[in-house]
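Please keep the viewer open as you read.

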Amino acid sequence: MSRLSEYDLIENPEESQAESAIGLDETDAKHYRYLVFIGRFQPFHSGHKAVIDEALKRADDVIILIGSANLPRSLRNPFSVAERTAMIKGAYSVDEAARIHCVALDDALYNDTRWLKYVQAGVRSVTGDLQSNIGLIGHSKDNSSYYLSLFPHWASISVPSYHNLSATPIRESYLMGATPTPERTPESTRKILNDFKKTAEYQQLHEEAGFIDKYKKQWESAPYPPTFMTADALVVQSGHILLVERRSMPGRGLWALPGGFLNPKETLFDACIRELREETRLKVPEPVLRGSRHSQHTFDDPYRSARGRTITQAFYFQLKNDPKGLPKVKGGDDAAQAFWLPLAELDSKMMFEDHYAIIMKMVGL
């Protein structure tokens, strides 16, 4: 999404007791034509339902913008838009569900302006315009002032947190094998989760959840939570981008930029060159590579990696067009394969972590 999704204002409240006790403002007593609720709903729980219940009382129709659409299944986003829509609508009667409009909302990480455009387009797909007595509804949160500042032209309704429920512990325990309880999740959600548990996709995520759990336990005795540093290479030539297919967890089988962790005695740029050559065997002389650096950018979304706080420095290389064609590549090290992909064939549903957003930001697509 944007900075909004990074802090996950809808799903991960870190509210004080005072915030949890906030009531609905008297100025919010008006009735709306549409109320908009934005979230990831991974999964949809009773706290989300409490917000929609209130929205149905205060508006003719409710628009649910379901974030993190068109991404591969991951520990952070295991459920598709269709599954999350079924969780939401299945929690209501036929008449109530007819008043709830679920719309997929793509992420635009590192680009608030693009994400705002997506929000506006999603709302307009239901309303026909952006002037139709529209309001926003959601929880009172620490970051609510930032959230509201993005939409000054729409009124807002703050709803108290429902028993401080958060999707994160529900999701994490489920992927480790637990069964969600009726106290935290509607029956419609539990049905979807129980059905999904029987699939090969769940088994892969379950295996990955176990891997991440063991990975994080290695750092339990550290005095502070660790912060990892990586370097990634974004290499473009003749309208093609160089990608690798990940061999190992997390993200096994997904497409990624060549890259990896920084060694203790190397610069970020040196780490990038090393990882690029190890993972792709790119047939370009190192001096040419170093001379092809176009730009670099730091990507530090707090939730960009399931492994923990991981900051990456991405380096953008523009190789000169060559009538002989694209340089030869071959997968190595952590890469099952390396390949050149036409930029027009980039697919967000195949990309690891935030690598699609990194490409969009640096290449300007």
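Which residue in S4 is the bridge partner of Tyr34? In strand S4, that partner is Ile134. Before going further, a word on the basis: this is a predicted model, in which local features need pLDDT of at least 70 and side-chain atom pairs count only at pLDDT 80 or more, while totals for chains, interfaces and linings use all residues. Residues are numbered from 1 along each chain as its sequence is written, and side-chain values use heavy atoms, with hydrogens and water left out.

**The sheet and its helices**

The protein chain has 13 helices and 12 strands. Helices (H or I, at least four residues) and strands (E, at least two) are DSSP runs, numbered from the N terminus. Five strands make an open sheet in the order S3-S2-S1-S4-S5, with parallel pairing; two strands pair if DSSP finds at least two bridges between them. At the edges are strand S3 (100-106) and strand S5 (155-159), each pairing on one side only. Neighbouring strands are turned against each other by 30 degrees on average, direction ignored. Within this sheet, strand S1 (residues 32-39) and strand S4 (residues 134-139) run parallel and share 3 bridges.

Helix H4 (residues 81-89) packs on the sheet, where it touches strand S2 (59-69) and S3, and its direction makes about 150 degrees with that of S2. Helix H6 (residues 112-127) lies across S1, S2, S3 and S4 and runs at about 155 degrees to S3. For these angles, axes are lines fitted to C-alpha atoms, for helices over the stretch in contact, and values run from 0 to 180 degrees between N-to-C directions. Contact means heavy atoms within 4.5 Å.

Helix H6 is also the place of Trp115. Trp115 counts as buried because its relative accessibility is 0% (buried means under 20% relative accessible area, exposed over 50%, partly exposed in between, with a 1.4 Å probe and protein chains only).

**Aromatic rings**

The structure holds 16 aromatic pairs. Rings of Phe, Tyr and Trp (its six-membered ring) pair if their centres lie within 6.5 Å; planes under 30 degrees apart count as stacked, over 60 as edge-to-face and the rest as tilted.

| Pair | Centre to centre | Angle of planes | Class |
|---|---|---|---|
| Phe79 and Tyr174 | 5.9 Å | 45 degrees | tilted |
| Phe228 and Phe261 | 6.0 Å | 75 degrees | edge-to-face |

Phe79 is in the loop between S2 and H4 and Tyr174 is in helix H8 (residues 167-175), so their pair ties together parts 95 residues apart in sequence. Both Phe79 and Tyr174 are buried.

Phe228 belongs to strand S6 (residues 228-237) and Phe261 to strand S9 (residues 259-261), so this pair ties together parts 33 residues apart in sequence. Phe228 is buried, at a relative accessible area of 10%, whereas Phe261 counts as partly exposed at 31%. Phe228 and Phe261 also belong to one aromatic cluster with Phe211, Tyr215 and Trp219.

**The chain as a whole**

Of the 365 residues of the protein chain, 50% count as buried. Among contacts between residues at least 6 apart in sequence, 75% join residues at least 24 apart.
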